[in-house]
Amino acid sequence: MEIEYIEEIAEIGDAFIKRFVLSWENFQIKHKDWIEKMSKQNYPINKQWYDQAYMWDRMDSTHPGASMKEALDFLREHSGTVLFMTEKGERKYFQGRKTIDFIAKTDAHQLADRIEYEWYESYRLGNQNMYIPDTLPEDLYVFDSTMKWCVVFTHETTGWEAEKADDWMKAAQSRYCIICKEPG
């Protein structure tokens with residue numbers, strides 16, 4: 001898979017955040033009930049929590065959660081070049097270079113194939129206390145240049161039951177993803 005790194009990461013990253021990530025003010029409005037519920041459980045959701053949360057945690061909850069298969073199918077519906085980026089501040093050794101924040105572009109189908117291979121293979125090898133070197137970041141944001149859609153592959157699974165499953169395929173298949181797209 002050929003990957004081209006983008007130099008204008010600040011402009012693209014800021015545009016992505018403006019488009020897909022709620023501001024603290026809007027987050028409080030959209031997630032009012034959840035914030036109140038968590039506060040009653042002694043888990044305060046405040047500005048400090050917001051500033052340290054993953055970008056996907058700060059997205060609008062109306063974007064549907066998706067299974068790994070649904071997210072991969074959605075990505076494979078798109079042809080041509082897509083952009084992808086990591087979580088801000090994530091340090092990773094990837095493609096022979098040490099990265100802190102990056103945005104790159106590549107072919108949508110090749111990226112979907114690589115995401116699928118690495119995720120399943122990482123789970124399989126993890127059962128043998130082995131790993132794949134030089135993998136994509138686990139939290140990955142994939143979008144087109146118009147930012148009409150994005151698909152998020154998170155490091156989370158849909159529940160601890162899946163992570164504790166004896167069947168590593170069941171655990172791998174439960175990867176939590178998010179699909180954001182314009183209506184229509």
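Visitor: Let me start with M147. Is M147 buried or exposed?
Guide: This is a predicted model, and in it M147 has a relative accessible area of 11%. Buried means under 20%, so M147 counts as buried.

Visitor: And where is M147 found?
Guide: M147 is part of the loop between β7 (140-143) and β8.

Visitor: What is the phi of M147 near?
Guide: The phi of M147 is near 55 degrees, which is a positive value in a residue other than glycine. As background, most residues other than glycine have a negative phi.

Visitor: Which loop residue could I set beside that one?
Guide: N42 has a phi near 65 degrees, and that too is a positive value in a residue other than glycine. N42 lies in the loop between α3 (32-40) and α4.

Visitor: Buried or exposed, in the case of N42?
Guide: N42 has a relative accessibility of 71%. The cut-off for exposed is over 50%, so N42 counts as exposed.

Visitor: Now the sheet. In what order do the seven strands come?
Guide: The order is β1-β6-β3-β7-β8-β9-β2, in an open sheet with antiparallel pairing. β1 (4-5) and β2 stand at the edges with a single partner strand each, so one side of each has no neighbour in the sheet.

Visitor: What holds paired strands together in general?
Guide: Strands of a sheet pair through backbone hydrogen bonds, and they may do so in a parallel or an antiparallel sense.

Visitor: How many residues of β3 are buried?
Guide: Strand β3 (residues 81-86) has five of its six residues buried, so the rest of the structure largely encloses this strand.

Visitor: How many bridges does β3 make with β6, and how many with β7?
Guide: With strand β6 (residues 103-107), β3 pairs over five bridges in the antiparallel sense. One example is F84, whose bridge partner in β6 is A104. With β7, β3 pairs over four bridges, again antiparallel. There, L83 has F143 of β7 as its bridge partner.

Visitor: How many bridges join β7 to β8?
Guide: Four bridges join these two strands, which run antiparallel. V142 stands opposite V151 in β8.

Visitor: What about β9? How many of its seven residues are buried?
Guide: Five of the seven are buried, and strand β9 (residues 175-181) is therefore mostly covered. Strand β8 (residues 149-157) pairs with β9 in the antiparallel sense over six bridges, and W149 stands opposite K181 in β9. Strand β2 (residues 65-66) also pairs with β9 in the antiparallel sense, over two bridges. In that pairing A66 stands opposite C177.

Visitor: Changing topic: how many aromatic pairs does the structure hold?
Guide: The structure holds 14 aromatic pairs. In one of them, the rings of F16 and F20 have their centres 4.9 Å apart and their planes at 45 degrees, so this pair is tilted. Both residues lie in helix α1 (residues 9-20), four residues apart, which is about one turn of the helix. F16 and F20 are both buried.

Visitor: Which residue forms a tilted pair with W24?
Guide: The partner is Y50, at 5.4 Å centre to centre with 50 degrees between the planes. W24 lies in helix α2 (residues 24-30) and Y50 in helix α4 (residues 47-52), so the pair ties together parts that are 26 residues apart in sequence. W24 is buried, at 13% relative accessible area, and Y50 is buried as well, at 7% relative accessibility.

Visitor: Which residues form a cluster with those two?
Guide: W24, F27, W34, W49 and Y50 form one aromatic cluster. Elsewhere, R175 lies over the face of W119, at 3.8 Å from the ring centre.

Visitor: Lastly, how many residues line the second largest pocket?
Guide: The lining has 13 residues, of which W56, D57, M59, S61 and Y176 lie nearest the centre of the pocket. The lining divides into seven nonpolar, four polar and two charged residues. The space in this pocket is about 240 Å³.

Terms used:
Residues numbered from 1 in each chain as written. Predicted model: local features only at pLDDT ≥ 70, side-chain atom pairs only at ≥ 80, totals over all residues. Heavy atoms only, no water. 1 Å grid on protein atoms, 1.4 Å probe; cavity = no way out; pocket = protein on both sides within 12 Å on 5 of 7 lines; lining within 4 Å. Points joined across faces, edges and corners; volume = space filled by probe spheres on them. Nonpolar A, V, L, I, M, F, W, Y, C, P; charged D, E, K, R; others polar. Buried < 20%, exposed > 50% of the residue type's maximum accessible area, 1.4 Å probe, protein only. Pairing = 2+ DSSP bridges. Phe/Tyr/Trp six-rings, centres within 6.5 Å; stacked < 30°, edge-to-face > 60°. Lys NZ or Arg CZ within 6 Å of the ring centre and 35° of its normal.
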